[in-house]
Amino acid sequence: MMKKVGIMTWFQYHNYGTALQVTALSETVRKLGYEPLVIDYSAKNKLPATLYDENLFHKYKNKIYKRIRMRNFISEEREQKFIDFYQQHLTFTKRCSLLSELEDLNQELDAFICGSDQIWAPSCFDSHYFLDFVSDNYKKIAYAPSVGLPVIADKDIQRQIRKLTRNFGFLSTREESGSVMISKLSGRKVETVLDPTLLLNSKQWHEISGYVEIDEKVPYLLVYMLGRNEQQWKRIYQIAKQKNLQVKIIPVFLSDLKREGCLKNSIGAIEFLSYIKNADYICTDSFHGMAFSINFHKEFTVFERFKEKDKLNQNSRIYHLLKKLNLENRLFHRQEDMKMLSDKIDYIQVEKIREMLKKESLHYLKNALELATQHQTDKKKHIQSDYSLCCGCGACEVVCPCDAIQIKMNQDGFYQASIDNQVCISCGRCRKVCPYIVRNDNQDIADAKLYAFKSKSAEVLSKSSSGGAAFHIASMLSEKGYAVAGCTFDVSSQTAKHIIIAPHRTETLSKLQGSKYMQSNFSEITEQLYRSDVPIVIFGTPCQIAGMRNLLKNRENVLFVDLICHGVPSYHLYEKYQAYLKEKGFDTENLTIKFRDKQFGWRERYIYSGDLNHSQSVYQDKDMYFLAFEHGFCYSHSCYECPYRDKSCADIRLGDYWGKRFEKDKTGVSEVVIMTEKGAEIIKELQNSGVAAVSEQDILDYITVQQMQNGREPVFWHSYVANLSNPDMKLEDITQYYIMPFQRRKKFRQAILKMIRR
Ligand SMILES: Cc1cc2nc3c(=O)[nH]c(=O)nc-3n(C[C@H](O)[C@H](O)[C@H](O)COP(=O)(O)OP(=O)(O)OC[C@H]3O[C@@H](n4cnc5c(N)ncnc54)[C@H](O)[C@@H]3O)c2cc1C
């Protein structure tokens with residue numbers, strides 16, 4: 001059977017270079033005797049939260065706004081052409097949005113290639129493009145990824161790239177400068193290989209795409225410019241005049257449509273190839289515009305898109321290729337370079353060099369594919385052998401027949417499964433209950449019914465985070481003979497942990513009230529939940545509930561309730577917070593924290609800390625714990641890859657009723673989302689009992705206000721968490737460095753939005 005090779009690269013941006021490089025690599029892999037599958041993953045749309053970004057943001061904010069105004073040229077017909085092109089030429093894997101979905105591919109594919117294009121550019125850093133989801137390092141092949149920039153300014157990105165590239169089976173980049181940089185970082189030898197579009201010649205491109213001959217009566221100069229340098233545009237019209245050619249422009253920006261000679265028909269990848277093939281001269285500042293000019297043996301001039309001092313200067317890829325092929329005189333710097341117009345390119349010489357480079361590149365790829373696809377790993381079949389995420393629910397610990405798994409607090413301050421490989425017998429049972437591996441038993445929030453829920457008891461409201469729905473569900477079921485499993489703040493250990501309250505003990509239920517914005521030690525009750533057959537209602541975060549749903553699959557007498565959750569921070573944050581409070585005179589061994597102190601209202605959040613002698617209630621924007629929690633930069637890795645943002649495995653989901661509908665409410669309203677029939681019955685019963693005001697609302701109130709997508713893990717996660725556990729660092733300094741730039745940015749963004757809406 002043909003071995004399967006996954007290709008991890010950009011394809012989702014419908015631009016010509018991107019579409020043609022992925023097609024070229026896929027075709028090359030096919031020609032080498034493998035089945036290529038493009039991994040259907042789209043880079044997350046938000047820029048990674050880097051401090052470096054932050055500095056750039058302020059520096060370039062005017063530019064950013066200008067750029068937003070200068071919208072790119074996109075037409076529906078053009079988009080459709082790209083979609084059709086992909087359908088014709090590429091085969092995709094299943095859609096992978098989450099790390100765990102990417103990790104599933106470990107069992108399906110025999111090797112993985114990342115590249116080409118600028119997937120390793122620090123400005124678009126995404127660790128998945130470094131194949132971080134591939135469990136066998138030997139199966140990781142980098143083919144021509146481009147770093148793009150001359151330097152990696154951000155130290156955290158540098159550190160991550162070092163870690164990610166060190167263990168690659170086979171390393172190459174597209175430009176020499178990139179290879180030198182990656183080699184320095186990883187301490188490995190890094191090959192420099194040709195962009196895949198140059199591995200195919202014009203005949204092969206014709207065979208692949210079937211590009212058409214353009215019936216143009218008039219000779220023309222084709223322009224494909226990704227930059228907006230008006231001096232360069234002036235020069236282009238001069239060249240056309242000098243050569244007596246008509247200008248034809250492939251539009252990139254909306255404003256290009258106003259330029260003389262702009263093509264008005266929609267141009268997909270095939271038309272792009274056709275226009276280049278039939279052109280008499282080409283002016284471009286695009287790497288692929290230049291690569292295809294060379295492929296089709298065209299006379300061309302290439303411009304520099306970026307200024308030399310620009311921190312985001314990506315010109316190196318152009319310099320590199322021109323230098324390799326002895327074509328440096330095609331680069332337009334200044335007026336004197338106009339003499340190139342009379343020089344003819346010696347394509348016999350160019351082809352000689354290209355053939356040699358192509359041979360070397362293909363040799364590298366062929367060898368890498370052979371070794372990677374043959375490599376066999378003798379790995380244990382447990383939750384960590386192909387997968388990396390864990391929420392510490394403990395379902396795996398309970399089903400393990402040989403006690404190889406234990407939930408412990410790890411060095412980053414999260415409860416997580418720790419596996420003894422010596423003891424593991426590879427039975428795979430743990431994989432069948434893990435909420436990150438088994439993600440089937442869930443339903444879309446969009447299909448569910450939403451209710452607003454507000455307790456009629458002032459006492460219940462004052463202790464609950466929102467409208468007291470959790471308390472009333474627990475108390476009604478407790479009276480009916482259900483045990484209640486939920487999270488309490490344990491003062492003696494200063495941690496959040498799950499406990500089980502026996503049936504009919506309603507007076508104890510207040511222990512569970514209120515959100516604890518920290519990871520609850522859930523595994524302390526997992527064994528008991530598994531072994532007991534008492535009817536029970538279980539409250540927890542969506543991942544904990546998904547784990548329990550997998551574990552207690554066959555139990556009818558369980559009601560699952562999960563919470564809307566944007567993530568849990570590292571315990572190191574809480575330890576730092578304790579140290580800060582200690583300095584202020586608090587007795588941190590007897591500290592009680594209420595993360596949702598309602599004495600000043602519900603929407604304006606206050607955090608209460610108190611011991612026997614002191615207490616304080618601090619506004620959300622002034623409290624360093626809350627600020628860090630809200631910004632979400634030190635959550636567990638699994639929170640950035642949560643499969644349950646828009647789905648739930650529970651019978652009922654609870655949250656705060658944020659948004660406009662109850663914006664004037666002072667004591668709290670819960671969002672109650674009904675996921676199952678069982679859940680619907682409970683809420684109906686509560687509604688009939690009259691303990692709360694319950695009304696059906698539009699599910700859009702949830703969808704438009706709650707966080708339906710995962711936030712991105714910041715690239716400085718490791719240094720941030722390391723600083724949180726560094727005894728020499730103060731919380732004030734850490735907050736200033738890691739949080740405040742983003743807090744200022746948030747305020748700035750809010751101010752701009754206010755201005756726009758006015
Ligand atoms: C970490 C976290 C993040 C959250 N993020 C959001 C959000 O982004 N948007 C939103 O609308 N709501 C969020 N919530 C939920 C919200 O804070 C309320 O819990 C929810 O509105 C229910 O309120 P209530 O008044 O009905 O019940 P509450 O009295 O507030 O209690 C709800 C239940 O939460 C459980 N619980 C408390 N802390 C934890 C914990 N750390 N782990 C597991 N279970 C816990 C308790 O067992 C209790 O039964 C979050 C909750 C947590 C714990």
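**View 1. Leu-131 sits in the loop between E4 and E5.** Strands (E, at least two residues) and helices (H or I, at least four) are DSSP runs, numbered from the N terminus. This is a predicted model: local features need pLDDT of at least 70, side-chain atom pairs count only at pLDDT 80 or more, and totals for chains, interfaces and linings use all residues. Residues are numbered from 1 along each chain as its sequence is written, and side-chain values use heavy atoms, with hydrogens and water left out. Leu-131 is not a glycine, yet its phi is positive, about 60 degrees. Is Leu-131 buried or exposed? Leu-131 is buried, at 0% relative accessibility. Buried means under 20% relative accessible area, exposed over 50%, and partly exposed in between (1.4 Å probe, protein chains only).

**View 2. The loop between E4 and E5 also holds Asp-117.** Phi of Asp-117 is positive, near 65 degrees, and this residue is not a glycine. Most residues other than glycine have a negative phi, and most peptide bonds are trans. Asp-117 has a relative accessible area of 6%, so it counts as buried.

**View 3. A cis peptide bond runs from Gly-115 to Ser-116.** Its omega is near 0 degrees. Ser-116 lies in the loop between strand E4 (111–114) and strand E5 (140–142).

**View 4. Polar atoms of the protein face the ligand at Ile-564, Gly-655 and Gln-706.** A polar backbone atom of Ile-564 is 2.8 Å from a ligand nitrogen. A polar backbone atom of Gly-655 is 3.0 Å from a ligand oxygen. Gln-706 uses a polar side-chain atom, 2.9 Å from an oxygen atom of the ligand.

**View 5. The largest nonpolar core has 110 residues.** Such a core is a set of buried Ala, Val, Leu, Ile, Met, Phe, Trp, Tyr and Cys residues joined through side-chain atoms within 4.5 Å. Which residues have the most contacts inside it? They are Trp-120, Ile-538 and Tyr-720. A second, separate core has 69 residues, including Leu-20 and Phe-170.

Conventions. Polar contact = N/O pair within 3.5 Å; in protein donor to acceptor, adjacent residues only side chain to side chain.
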